[in-house]
Amino acid sequence: MAGKRNSRQDAIREIVRSQAVRTQRELVERLEKLGYQCTQATISRDIMDMGLRKLPEGIYVLSEDLHLQRMFSEFVTSVERANNLVVVKSLPGTAPGVAAAVDAAALPEVVGSVAGNDTMLVVSQNDETATTLVNLFNTVRASREER
């Protein structure tokens, strides 16, 4: 039973990090597409157990990613991929803080990061994980564009 829950919560983590999820029903539907059969009540318990937060913008975010989301939505101006590298442009003087937020999130796709004044370079294992990071970074910064 705990194995199913852990697997489902890992899937929730992946969904919330890669897509803008606004309702529990959306989360149930996305989990069903991945083969998880669960009720909204189960998802509600998972949300509480995992400490998911709903931002004022209406999207769910993992509590450990909250700082990452705030930094990206406030300071990041662009995200681009070059092979296995992700180049993150930010407002002047903010790249070190953005890099610290990426490091603190302990994303499995990140091998390391280097920050200058307004640019951060994130190294991932390969092109595929770099694409995953670009999608994640653009999702977490999306709330700035929706304001």
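1. In helix H5, which spans residues 95-105, the residues Ala95, Val98, Ala99, Ala101, Val102 and Ala105 are buried (under 20% relative accessible area, with a 1.4 Å probe and protein chains only). They lie on the same side of H5, because they cover an arc of only 155° around the axis, the arc being that of the directions from the helix axis to the C-beta atoms. Just after H5, Ala106 takes a positive phi of about 50°. Helices here are DSSP runs of H or I with at least four residues, and strands are runs of E with at least two, numbered from the N terminus.

2. This is a predicted model, in which local features need pLDDT of at least 70 and side-chain atom pairs count only at pLDDT 80 or more, while totals for chains, interfaces and linings use all residues. Residues are numbered from 1 along each chain as its sequence is written, and side-chain values use heavy atoms, with hydrogens and water left out.

3. Gln9 lies in helix H1 and is buried, with a relative accessible area of 9%. Leaving aside residues up to four places away in sequence, Gln9 touches Asp46, Asp49 and Met50, where contact means heavy atoms within 4.5 Å.

4. Which elements each supply at least two residues of the lining of the largest cavity? They are helix H1 (2-18), strand E2 (60-61) and helix H6 (127-146), and the largest share, 3 residues, comes from H6.

How values were computed: Buried < 20%, exposed > 50% of the residue type's maximum accessible area, 1.4 Å probe, protein only.
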